[in-house]
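Subject: Structure for your review

Hello,

The structure you asked about is below, followed by notes on what was found in it. Please read the notes with the structure open.

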Amino acid sequence: MSDERERLLSSEQVYKGRAVRLRVDTVEKTGGRRTTRDVVEHDDCVAILAFDAEDNVLLVRQFRHAVGAELLEVPAGGIEPNETPDQAVCRELQEETGYFPNKVKRLGGFYSAPGYCTEYLYLYLATDLVFRPLWAEDSEGIELARVPYSNVPALIASGDIRDAKSIAALLSASLYRPSSDSPG
């Protein structure tokens with residue numbers, strides 16, 4: 001496999017919005033050919049695998065304007081300025097589900113769309129949940145769904161769960177979920 005690197009020649013920000021910025025980078029490939037790369041800059045986020053005492057995973061159902069559809073997803077959201085990913089997990093979970101996790105464990109993470117986007121999602125396991133709602137303006141219209149973890153593969157296979165972060169997180173859960181028949 002080739003370890004082809006690209007040398008950055010210039011970078012120009014062409015758009016700055018509330019949630020994303022767009023830049024166009026001019027790069028030189030190893031062979032000397034020049035080309036451009038469109039890069040969406042998005043701040044890092046957290047994605048949360050939250051399990052209740054009955055081995056249900058807490059999911060949220062919400063309308064996503066970009067795809068024009070209501071999606072079933074793991075709770076997730078941005079990391080505020082001066083906030084650690086660990087703090088963001090607790091806040092986001094409370095805002096989206098109403099539950100505060102007494103136990104939080106970082107599981108790793110992943111890039112959402114590394115071909116064109118800088119966003120990195122920190123993946124967390126949240127357990128020992130206590131109902132303690134936290135209101136947030138952007139959480140209106142979010143509906144909590146408790147799903148037995150055993151139903152997750154069928155929901156992914158049927159397309160009921162179809163966003164990448166949720167699929168990646170939920171498939172990772174088989175390694176970490178807090179049931180007696182799994183490691184960890």
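**Cysteines**

C117 is buried, with a relative accessible area of 12%; buried means under 20% relative accessible area, exposed over 50%, and partly exposed in between (1.4 Å probe, protein chains only). C45 is buried too, at 7% relative accessibility. The count of disulfides is 0, a disulfide being a pair of cysteine sulfur atoms within 2.5 Å. Seen from C117, the closest cysteine sulfur is in C45, at 8.8 Å.

**Basis and confidence**

This is a predicted model, in which local features need pLDDT of at least 70 and side-chain atom pairs count only at pLDDT 80 or more, while totals for chains, interfaces and linings use all residues. Residues are numbered from 1 along each chain as its sequence is written, and side-chain values use heavy atoms, with hydrogens and water left out.

The chain has an average pLDDT of 91, and 91% of the residues score at least 70; pLDDT is the predictor's confidence in each residue, from 0 to 100. Over residues 180–184 the pLDDT is below 50. Beyond near neighbours in sequence, that stretch has 6 contacts in the model, where contact means heavy atoms within 4.5 Å.

**Aromatic rings**

A pair of aromatic rings is described by the distance of the centres and the angle of the planes. Rings of Phe, Tyr and Trp (its six-membered ring) pair if their centres lie within 6.5 Å; planes under 30 degrees apart count as stacked, over 60 as edge-to-face and the rest as tilted. By this rule there are 4 aromatic pairs.

One of them joins Y99 and F131, edge-to-face, with 5.2 Å from centre to centre and 65° between the planes. This pair links distant parts of the chain: Y99 is in strand β8 (residues 99–111) and F131 in strand β9 (residues 120–131), 32 residues apart. Helices (H or I, at least four residues) and strands (E, at least two) are DSSP runs, numbered from the N terminus. Are these two residues buried or exposed? Y99 is buried at 14% relative accessibility, whereas F131 is exposed, with a relative accessible area of 54%.

Y120 and Y122 also form an edge-to-face pair, with centres 5.0 Å apart and 80° between the planes. Y120 is buried, at 19% relative accessible area, and Y122 is buried at 19% as well. Ring pairs join Y120 and Y122 with Y111 in a cluster.

A charge is also placed over a ring: the charged end of R132 sits over the ring of F100, 4.3 Å from its centre. The rule here is that NZ of Lys or CZ of Arg is within 6 Å of the ring centre and within 35 degrees of the ring normal.

**Helix α1**

Helix α1 covers residues 85–97, which is 13 residues. From its first C-alpha to its last it reaches 18 Å, close to the 18 Å expected at 1.5 Å a residue; the expected span is 1.5 Å times one less than the number of residues. The helix is mostly covered, with 10 of its 13 residues buried. Among the buried residues are V89, C90, L93 and T97. What covers the buried residues of α1 includes β4 (45–50), β5 (56–64), β7 (76–78), β8, β9 and β10 (143–148).

T97, in helix α1, is buried at 7% relative accessibility. Leaving aside residues up to four places away in sequence, T97 touches L58, V60, P75, F131 and L144. The C-alpha atoms of T97 and R5 are separated by 43 Å, and these residues are 92 residues apart along the chain. Just after α1, G98 takes a positive phi of about 90°.

**Positive phi in loops**

Most residues other than glycine have a negative phi, and most peptide bonds are trans. D55 is not a glycine, yet has a positive phi of about 65°. D55 lies in the loop between β4 and β5 and is partly exposed, at 21% relative accessible area. N82, also not a glycine, has a positive phi of about 65°. N82 lies in the loop between β7 and α1 and is exposed, with a relative accessible area of 84%.

Regards
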